[in-house]
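Here is a predicted model to look through together. The questions below ask how its labels follow from the computed values.

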Amino acid sequence: MASLNLTSITPQPTGFSWNNNSYRNPTIFIPRKRHFSVTLATSSPETNSPTTTEKPEIELEFIGPNPGSDGSYPVDKAKAISGEKLLRNIMLDNKIELYAAYGKVMNCGGGGSCGTCIVEIVDGKDLLNERTNTELRYLKKKPESWRLACQTIVGNKENSGKVVVQRLPQWKNA
């Protein structure tokens with residue numbers, strides 16, 4: 001544990017008088033010391049305390065919409081702490097393509113009002129939140145496995161596992 005002592009100096013007026021509407025004694029500032037003590041606690045990587053618990057992680061695999069020249073689908077991977085981020089934000093943070101051409105220009109920025117961030121959950125549906133009312137409205141005629149990335153919370157802060165996501169399912173094999 002590190003300790004740091006700080007001193008601040010605050011100017012205080014000492015002599016000021018009014019005499020016949022003129023200044024006889026100019027204001028003189030004498031510094032006044034105030035002592036502060038700050039204690040910093042840091043954890044070093046060498047010290048593994050038993051009270052430190054790691055947050056559960058969700059592994060994500062994002063399958064591309066179209067196969068490559070060799071016939072296999074491209075796969076991007078990412079990890080996220082369970083329950084802390086929306087699927088949309090994870091994809092954008094990891095520079096994983098989320099939108100088709102129209103969606104890149106005309107998306108709502110994650111507000112759930114356009115329906116351009118559709119993904120298909122291939123595996124790990126139980127690691128995600130239930131469909132929101134917004135999703136029920138936009139995806140009522142779509143397969144149950146389709147979700148809006150802007151409405152999908154990855155994990156619940158307690159679970160861990162793997163989620164497989166098909167990007168742009170509407171373009172699959174197009």
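Q: Which residue of strand 9 does glutamate 61 stand opposite?
A: Glutamate 61 faces valine 164 in that strand.

Q: What makes strand 5 and strand 9 a pair, and in which sense do they run?
A: Pairing needs at least two bridges between the strands. Strand 5 and strand 9 (residues 161–167) have six bridges, in the parallel sense, so they qualify under that rule.

Q: And in which sense does strand 5 pair with strand 6?
A: Here the sense is antiparallel, with seven bridges. One facing couple is glutamate 59 and lysine 79, the latter in strand 6.

Q: Why is strand 5 called largely enclosed?
A: Buried means under 20% relative accessible area. Five of the seven residues in strand 5 (residues 57–63) are buried, and therefore the strand is largely enclosed by the rest of the structure.

Q: Why is valine 75 called partly exposed?
A: The label covers values between the buried limit of 20% and the exposed limit of 50%. Valine 75 has 42% relative accessibility, so it counts as partly exposed. Valine 75 belongs to strand 6 (residues 75–81).

Q: Which residues is valine 75 in contact with, leaving aside neighbours within four places in sequence?
A: They are Glu61, Phe62 and Ile63. Glycine 64 is eleven residues from valine 75 in sequence, with a C-alpha to C-alpha distance of 6.1 Å.

Q: Which residues have the most contacts inside the largest nonpolar core?
A: Leu60, Phe62, Leu87, Val119 and Val163 do, in a core of 25 residues. At least two core residues come from each of strand 5, strand 6, helix 1 (87–93), strand 7 (118–123), strand 8 (146–148) and strand 9. In soluble globular proteins, nonpolar side chains tend to be buried together.

Q: What does valine 119 touch, not counting residues up to four places away in sequence?
A: Its partners include Leu87, Met91, Leu98, Trp146 and Val165.

Q: Are cysteine 150 and cysteine 114 buried or partly exposed?
A: Cysteine 150 has 5% relative accessibility, so it counts as buried. Cysteine 114, at 28%, counts as partly exposed.

Methods: Residues are numbered from 1 along each chain as its sequence is written. This is a predicted model: local features need pLDDT of at least 70, side-chain atom pairs count only at pLDDT 80 or more; totals for chains, interfaces and linings use all residues. Side-chain values use heavy atoms; hydrogens and water are left out. Helices (H or I, at least four residues) and strands (E, at least two) are DSSP runs, numbered from the N terminus. Buried means under 20% relative accessible area, exposed over 50%, partly exposed in between (1.4 Å probe, protein chains only). Contact means heavy atoms within 4.5 Å. A nonpolar core is a set of buried Ala, Val, Leu, Ile, Met, Phe, Trp, Tyr and Cys residues joined through side-chain atoms within 4.5 Å.
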